[in-house]
Every structure is written in structure tokens, then in C-alpha cells.
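Hi,

Here is the structure I promised to send over.

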Amino acid sequence: MKTVLCYGDSNTYGYNPMNGFRYPENIRWTGRLQSLLGSDYKVIEEGCNGRTTVFDDPLDPWKNGLPYLRPCLNTHKPIDIIILMLGSNDLKKSFSASAEEIAEGAGRLVDLIKEFTLKKQGFQPSIILVSPSEVTEEIGNSPFFGEFDFDAVERSKTFGKYYKRIADEKGCDFLNAAEIVRPSLIDALHWTEEGHAKFAEKVREKIVNYEHN
């Protein structure tokens, strides 16, 4: 059995924009991925609302994705595949981060994964680096407007370019979530049930294709 670790933020957690709660397991892309891959794989959900790549939120510093990554990797080892999708929360006004800086933060996580897993489990997992979905213009009517502004919309549109560059530099596989999923019109950030289904299928295709190559 191969272990697939999904390390991300609220869209990996399964945040439901309709009510602020969590989608059921069979709706979340991680749960769908488990069903699609079957019993030869174990899919582990490690999604946290508000998680960043490497930035400390002054109100919630524990949501920094960097310090938690080592214990997470150690807890779930051996890990065969990691799906890394972080960066949306880095677009918050409080961080003043460019899309390029955010992608570089994701690259630091990739470096940590490679170094730590080689030391602790003796091999490096396959890494799928995912460029997050875009923040859309509806952010102006979103309950998250204020934390995110319209500049976040423009920066998110360039995620794909910078994340692809990092993936190529570090030898990762790559997916651009913006080409697969458009967030809910309700809050311009979180995915609909349909978005979760589409993303799960694309991840399944990616895993099956390179596992067979």
C-alpha cells in the first residue's frame, strides 16, 4: 500500500463556503481521491484552515506550514507521494507578499520534504506541487474581504507561472489548480462540491500516470 500525504490549507481541509463548516469526507477532494485510487493507496488529509507556506500570522502563528511539516512527515512516514498545495493564505494583506515570494516559500517546503524524508525514511517521496486556485473578483462581496483585497486577485493570477518554475527547478510534478477549479461565488476562495470532484480526478490521473511510467 502506498501512502499519499495531502498537505494544504482550507481547500484540503474541505471548508464549505455555504456554511463555514466542513464538507463530508465523500465530498472533499481527499476523500474522493481515496475512493478513486482504491485500497492500494492510503490518502492522509493534512489540511488546516489559514495555513501559510512559511509566514507567521501574528494572530495565529501556529498556522505557519513550515514548522509543522517536520512532525507531520515523521508521524506519517513512510510516505510515497506528497501533494503540496499552499499559498492562498499568503495573499493576505498582512503579509504583503508577491506571488513570486509565495512560490519561493512553497519551494522551501519542497526542500524540507526532500531533506527530512531522506534522513528519516531513507527515500524521498514523489512530490506534486500544486499552484493554488485563483482568488476571484467576487472577493469584494466575500466575508473574507479585508483580509484579502483586490490586489490578491491579480497576484493569484500569476501563481501558475511561478509555481511551475519552482516545480521545474526542484524536480517536482506540477498541477495548476486554477486550470481545474474556480472557487465559489460566495467567498471567492473556497471550492464547491463540483470543484472538489474535478480536482480529485485530476490528481488521480497525475498519480496513476506517473506511477505507471
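There is 1 cavity of 30 Å³ or more in this predicted model. By cavity I mean a set of points, on a 1 Å grid over the protein atoms alone, where a 1.4 Å probe fits but cannot get out; points are joined across faces, edges and corners, and a volume is the space filled by probe spheres set on them. The largest cavity comes to about 30 Å³. D9, N11, M85, S88, P132, S133 and W191 line it, lining residues being those with an atom within 4 Å of a point. That lining splits into 3 nonpolar, 3 polar and 1 charged (nonpolar: Ala, Val, Leu, Ile, Met, Phe, Trp, Tyr, Cys and Pro; charged: Asp, Glu, Lys and Arg; polar: the others, Gly among them).

The largest pocket (an open set with protein on both sides within 12 Å along at least five of seven lines) has a volume of about 370 Å³. Its lining has 26 residues, with G50, N89, K92, E147 and F148 nearest the centre. They divide into 8 nonpolar, 10 polar and 8 charged.

Now the packing. The largest nonpolar core has 42 residues, and L73, L84, L129 and Y163 have the most contacts inside it. A core here is a set of buried Ala, Val, Leu, Ile, Met, Phe, Trp, Tyr and Cys residues joined through side-chain atoms within 4.5 Å, and buried means under 20% relative accessible area (1.4 Å probe, protein chains only). The largest share, 9 residues, comes from α4 (helices are DSSP runs of H or I, at least four residues, and strands are runs of E, at least two, numbered from the N terminus). Leaving aside neighbours within four places in sequence, L84 is in contact (heavy atoms within 4.5 Å) with residues including Y7, A106, L109 and I128. A second, separate core of 21 residues includes W29, L37, W191 and V203. W191 also turns up in the lining of the largest cavity.

Finally, α6. This helix has 12 residues and buries F159, G160, Y162, Y163, I166, A167 and K170. The cover over those buried residues includes α4, β4, α5 and β5. After α6 comes G171, with a positive phi near 70°.

On conventions: residues are numbered from 1 along each chain as its sequence is written. Local features need pLDDT of at least 70 and side-chain atom pairs count only at pLDDT 80 or more, while totals for chains, interfaces and linings use all residues, and side-chain values use heavy atoms, with hydrogens and water left out.

Cheers

How values were computed: Buried means under 20% relative accessible area, exposed over 50%, partly exposed in between (1.4 Å probe, protein chains only). The expected span of a helix is 1.5 Å times one less than its number of residues.
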